Amino acid sequence: MNYLAGVPDVQSRQPSKKQCLDPPAQREDSTVDEGKDGEADDPKGDSAEDQPCRGGRFSKNAKGTIPVRPTLIAFYPPQWAKLLNLAKARMRLYVAVEDAFPRLEDAVGGQCREVLMEVIAHFEAQGWEVEAGYYPTHKLDMCRLTFRSDLKKAVMKSLRADYELYPPSTAKTEEEHIAAVKKKADDLLSTGKYLRGEPDDQGRASNFAHRALKNITLAFYYANTSKCLRQFPEFQEYIPYKALALVTAMVHALLSLFRKHGIDKSAQVNSQDIEEGYIALNEAISNVLDHPHHGLKLNAMLVDWAQTGMYVLIWMD
């Protein structure tokens with residue numbers, strides 16, 4: 001299936017000079033610095049997706065002291081940055097609707113490479129050229145660049161405010177603050193309140209409808225960035241169930257850390273915990289869909305969210 005068939009023109013003009021991407025024999029001996037979690041190391045803790053692009057392969061950061069690595073978008077000049085941001089969006093789509101937990105060691109040489117080749121072919125088909133000197137030298141770096149996800153970051157931006165993970169004014173000491181946040185997180189998880197929105201007009205529960213889930217889903221999948229998924233048909237009419245389960249699993253994992261520690265320990269989130277939550281939440285969604293009342297309501301809600309994402313401009317800091 002060609003996931004790029006419905007992607008709009010990402011070029012405002014055709015560049016005048018550059019490199020044709022008819023792939024020659026590839027070198028696979030590139031080395032990539034990794035962070036302690038096995039992902040491409042990003043000194044700012046994000047993907048640098050919309051940071052200004054630098055001018056060359058020995059580019060510096062704003063202070064001119066730290067070389068920008070080829071596993072970051074900021075390393076690449078403008079046309080390559082457009083191509084790689086589209087590749088990152090395409091990989092985000094794959095994770096959202098096909099395989100939520102690809103293994104790094106398998107994905108870099110497998111799905112990430114396939115996505116990169118697909119986007120390169122898309123650029124070639126459109127007659128768009130990119131700057132010379134980056135491919136195939138940095139092919140492996142580009143594959144690793146597409147792997148990284150910003151979901152945890154997107155969840156943390158909304159989690160505290162939308163779930164009111166703040167201590168009451170009566171809490172005076174640090175210990176009281178921590179205890180109060182732990183209690184709030186425990187209540188959200190143990191009662192399932194973190195999933196539920198306002199009751200419907202019949203007074204019945206609204207499953208997977210908490211405003212936090214809506215805000216995070218829209219910010220992560222539909223925000224006005226080059227990695228938004230509203231450019232793909234799979235997200236234009238409704239939110240896919242697996243995409244909702246993935247967001248909710250990350251929310252559950254981070255709330256669990258607040259329940260345990262009472263403070264932000266998002267750096268300790270465990271991918272196995274997220275995956276186990278994802279499996280359970282997919283089953284819960286299936287159970288809701290099987291219900292004659294709640295299933296129809298959930299489907300209608302996911303259509304409504306998608307319409308909001310498609311037609312309301314959503315900014316993500």
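These legends describe close-up views of a predicted model.

Local features were taken only where pLDDT is at least 70 and side-chain atom pairs only at pLDDT 80 or more, while totals for chains, interfaces and linings use all residues. Residues are numbered from 1 along each chain as its sequence is written, and side-chain values use heavy atoms, with hydrogens and water left out.

View 1. Helix α5 covers residues 151-162, a helix being a DSSP run of H or I of at least four residues, numbered from the N terminus. Leu151, Ala154, Val155, Met156, Ser158, Leu159 and Asp162 are buried, that is, under 20% relative accessible area with a 1.4 Å probe, protein chains only. These buried residues pack against α7 and α8 (241-261), with contact meaning heavy atoms within 4.5 Å. After α5 comes Glu164, with a positive phi near 55°.

**View 2. The crossing of α5 and α7.** The axes of α5 and α7 (residues 211-222) come within 9 Å and cross at roughly 145°, where axes are lines fitted to C-alpha atoms over the stretch in contact and angles run from 0 to 180 degrees between N-to-C directions. On the α7 side, Arg211, Ala212, Asn215, Ile216 and Phe220 meet residues of α5, including Leu151 and Ala161.

**View 3. Cys112 and Cys143.** No disulfide (cysteine sulfur atoms within 2.5 Å) is found in the whole structure. The sulfur of Cys143 lies 6.4 Å from that of Cys112, too far for a bond. Cys112 counts as buried at 0% relative accessibility, and Cys143 counts as buried at 2%.

Conventions:
Helices (H or I, at least four residues) and strands (E, at least two) are DSSP runs, numbered from the N terminus. Buried means under 20% relative accessible area, exposed over 50%, partly exposed in between (1.4 Å probe, protein chains only).
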